[in-house]
Amino acid sequence: MDIEDIESLIEEATVDCYDEEECRIGFLTVLQENIPTPFKATLDGNTITVNKIDGDDRAIKVFIQNGKVVYPVDILDLIVEQNVSGYQWIAAYRKWETGK
């Protein structure tokens, strides 16, 4: 994806938002709507399955399961391959949140 595409997605997710908290909720909404779960990602070099995307105005988390235990993980800690449907929304959120 080029920077213009990412900027367009950022604009779409944050339209009509007045502050960072509302922007984060905007991103949460588009992530939930555009990325089907479950999906595979990489966390600390390990392949994991993301079962849910959730969050609030402070952070967006994904929920992964190891056995019977479910763990919340910051979505920005994941490496998501381009073959995951909607991955570009994570790239846009990363750019908005971190500037990278």
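Ring pairs join F27, Y93 and W96 into a cluster. The model is predicted, and the structure holds three aromatic pairs.

**Aromatic rings**
- A pair of aromatic rings is described by two quantities, the distance of the centres and the angle of the planes.
- F27 and W96 form a tilted pair, with 5.6 Å centre to centre and 40° between the planes.
- This pair links distant parts of the chain, since F27 belongs to helix α2 and W96 to helix α3, 69 residues apart.
- F27 is buried, with a relative accessible area of 0%, whereas W96 is partly exposed at 23%.

**Helix α3**
- Helix α3 comprises twelve residues, 87-98.
- At 1.5 Å a residue the helix should span 16 Å, and its end C-alpha atoms are 17 Å apart, which agrees.
- Y87, W89, I90, A92 and Y93 are buried in α3.
- After α3 comes G99, which has a positive phi near 80°.

**Residue T14**
- T14 lies in helix α1.
- Its relative accessible area is 13%, so T14 counts as buried, the cut-off being under 20%.
- A polar atom of the T14 side chain lies 2.7 Å from the backbone oxygen of I10.
- Apart from neighbours within four places in sequence, T14 is in contact with C23, F27 and W96.

**A charge over a ring**
- The charged end of K52 sits over the ring of F63, 5.8 Å from the ring centre.

Methods:
Residues are numbered from 1 along each chain as its sequence is written. This is a predicted model: local features need pLDDT of at least 70, side-chain atom pairs count only at pLDDT 80 or more; totals for chains, interfaces and linings use all residues. Side-chain values use heavy atoms; hydrogens and water are left out. Helices (H or I, at least four residues) and strands (E, at least two) are DSSP runs, numbered from the N terminus. The expected span of a helix is 1.5 Å times one less than its number of residues. Buried means under 20% relative accessible area, exposed over 50%, partly exposed in between (1.4 Å probe, protein chains only). A polar contact is a pair of N or O atoms within 3.5 Å; within protein, one must be able to donate a hydrogen and the other to accept it, and residues adjacent in sequence count only if both atoms are side-chain atoms. Contact means heavy atoms within 4.5 Å. Rings of Phe, Tyr and Trp (its six-membered ring) pair if their centres lie within 6.5 Å; planes under 30 degrees apart count as stacked, over 60 as edge-to-face and the rest as tilted. A charge sits over a ring if NZ of Lys or CZ of Arg is within 6 Å of the ring centre and within 35 degrees of the ring normal.
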